[in-house]
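Subject: Handover of a structure and notes on its contents

Dear colleague,

Please find below the structure that I am handing over to you. My notes on what was found in it come after.

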Amino acid sequence: MAITDTRPEVAPEAEASAITTSPNTVFGTGDHTTLGRMWIGAALLLGIAGWVLTALVGVHEIGDADVFSADAAFTMFTLGRVGLVLLVVVPLLLGIATLVVPLQVGANTLAFPRAAAMAFWTWLISAGVLVVANTIDGGFGGGRIEANDMMLASLLGLVFALMVATICLLTTAITLRTPGMSLDRVPATTWATLVGGSLWLLTLPVLAANVLLIYIDHRYGGPSEFGLADNQWAQVSWLVGQPQIYAFVIPVLGMTTDVFTTLGGVRQANRGFVLFGIGAFGALSFGAYAQPFFYPDVADQALWAGMSLLIVLPTLLLVGGWAATLKGARPPAKAAVGAAGVAVLLLLLAVVAGALYVITPLELRQSGAFSAGHFALVVAAGLAGGMAGIYYWSPKLRGRFANEALAKLSVLAVLGGGALAGLPLLVLGFANRFDGLADASDALNGIAVAGAALMALALLATIGALLTASGDTPADDAWGTGQTLEWATASPPVPGNFGELAVVRSSEPLLDAPETQEA
């Protein structure tokens, strides 16, 4: 069995410091732990707003009494879709990875820390501009020309910021690994970040090209075609459809793996298959080519249908790998384990629904409700996975364990919210096949609205669980069963993260350290 020479040393305990909140720390920092906290905090707050917006759109669909004008409802719908992806799920997972990846690979810092800081502030400012532009009739197809241009420019800013932050992460994982940590030995979350980040870097530039084309035609053209109000959303809607939507939750697969193995106190069984499964899931989630605006028949192509069906296989492979790992193990009934389980359940439901979506005789592609339900399930799975990561790495994030009672409440809320926000709309999607379902549309939409509201409450409870974190400062290996290097530094991490690290000779360096084996 491969082992490390010695258990990694950490910086002197005396250097461990409380989390500081001085203006210099907040505005001028390139520290990856602080940047991670800022990404996570902002994403959680925006997530509450995003689900409230989704609930309001659902209310508009109930009955014949239109709550909003058609234009306002469409603006809220598009902002909700784009916002839950680019302002919530991706930033949340990016923030967790910014905190954790440097620790997992034994790096003293994040690569290009100033660029990483610039990315966060660019994203935050662009997010604010995006929201403002939408509120003044500047959303997709909006009536105010200047506001519409402002919205498109803010989207370009968002994409640029997320790409820069991703580049910093991938560079860290590739070039700043401690000696001995080859790519096949990196922890699952780092591996999933590499896979997911690569997909983001391959597809987000395509989105930027779409938006730039719309912007130039809208601002400087007639507009002739691309910038026309009725055509704008159709050119970017591939971002929130399958298979692309799966690419944004890939890091969840790694976080789930780390939570199950560490808290289960066991090694990942068949680790190679799990890493392969994450990679295959990533390959099958590439969706930048699936643009109905430019290829109206893309949904009839074998490639699109095949990817949507085949992605079920790596998902099942991963579920089987996690089940084999936990067989005989008794992980504690902690919120992190529960949230990881919820993420797996919701993602499994989502990929099965996605597979049904491509079966032509079911006529599901003619229903906007079914695609809305599928989107809700994927986003809820991404947020549940993010919550699992937050609670699992809370000692590194906050220097304390999260408030377990509130954390468990949030897990129940995300389970109920994700299921209620997605499943009723999936059922409504079959209305083309079963006449009786159309009569129940108001009830099903009402349940989905309640689900969206529960999702907002789940994120609020997550914030509460972090803010009310208490107790003594946890040990370096806060759970006592740590396997990877983030559990070899202080909680929260000291400046520079580590002292001198030993050469890594396995994928579980702490578990294989001589001191651990002798204990």
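Confidence

Please bear in mind that this is a predicted model. The mean pLDDT of the protein chain is 91, and 93% of the residues score at least 70. Confidence is highest in helix H8 (residues 244-247), at 98, and lowest in helix H19 (residues 514-518), where the mean is 59. For residues 1-21 the pLDDT is below 50, although this stretch has 58 contacts in the model beyond near neighbours in sequence. Where pLDDT is low, the predicted coordinates should not be read in detail.

Salt bridges

How many salt bridges does a search of the whole structure find? The search finds 4. Three of them are described here.

Arginine 219 and aspartate 149 meet through their side chains in a salt bridge, at 3.2 Å from N to O. Because arginine 219 lies in helix H6 (residues 188-220) and aspartate 149 in helix H5 (residues 145-175), the pair ties together parts that are 70 residues apart in sequence. With a relative accessible area of 5%, aspartate 149 is buried, whereas arginine 219 is partly exposed at 43% relative accessibility.

Arg267, Glu508 and Asp512 are linked in a network of salt bridges.

Arginine 267 counts as partly exposed, at 32%.

Aromatic pairs

The structure holds 17 aromatic pairs. One of them joins phenylalanine 120 and tryptophan 121, whose ring centres are 5.0 Å apart; their planes stand at 75°, so the pair is edge-to-face. Phenylalanine 120 is buried, with 3% relative accessible area, while tryptophan 121 is partly exposed at 22%. Both residues belong to a cluster in which ring pairs link Trp39, Phe120, Trp121 and Trp123.

How far apart are the ring centres of tyrosine 357 and phenylalanine 370? The centres are 5.9 Å apart, and the planes are at 5°, so the pair is stacked. Since tyrosine 357 lies in helix H13 (residues 335-357) and phenylalanine 370 in helix H14 (residues 368-392), the pair ties together parts that are 13 residues apart in sequence. Tyrosine 357 is buried at a relative accessible area of 16%, and phenylalanine 370 is buried at 1%.

Alanine 43

Alanine 43 is found in helix H2 (residues 32-61). Its relative accessible area is 1%, so alanine 43 is buried. Leaving aside neighbours within four places in sequence, alanine 43 is in contact with Leu87, Val88, Pro91, Leu92 and Trp123. Trp123 is also a member of the aromatic cluster described above. Valine 89, which is 46 residues from alanine 43 in sequence, is 7.3 Å from alanine 43 in space, C-alpha to C-alpha.

Surface patch

Which residues make the nonpolar surface patch of about 290 Å²? The patch is made by Leu309, Val352, Leu356 and Ile359. Of these, leucine 309 has its place in helix H11 (residues 302-310). Leucine 309 is partly exposed, with a relative accessible area of 40%.

With kind regards

Technical notes: Residues are numbered from 1 along each chain as its sequence is written. This is a predicted model: local features need pLDDT of at least 70, side-chain atom pairs count only at pLDDT 80 or more; totals for chains, interfaces and linings use all residues. Side-chain values use heavy atoms; hydrogens and water are left out. Patches are made of residues with over 30% relative accessible area and no salt bridge: like charges are joined within 9 Å, nonpolar side chains (Val, Leu, Ile, Met, Phe, Trp, Tyr) within 5 Å. Accessible areas come from the Shrake-Rupley method with a 1.4 Å probe; for residues, only the protein chains shown count as cover. Helices (H or I, at least four residues) and strands (E, at least two) are DSSP runs, numbered from the N terminus. Buried means under 20% relative accessible area, exposed over 50%, partly exposed in between (1.4 Å probe, protein chains only). Rings of Phe, Tyr and Trp (its six-membered ring) pair if their centres lie within 6.5 Å; planes under 30 degrees apart count as stacked, over 60 as edge-to-face and the rest as tilted. pLDDT is the predictor's confidence in each residue, from 0 to 100. Contact means heavy atoms within 4.5 Å.
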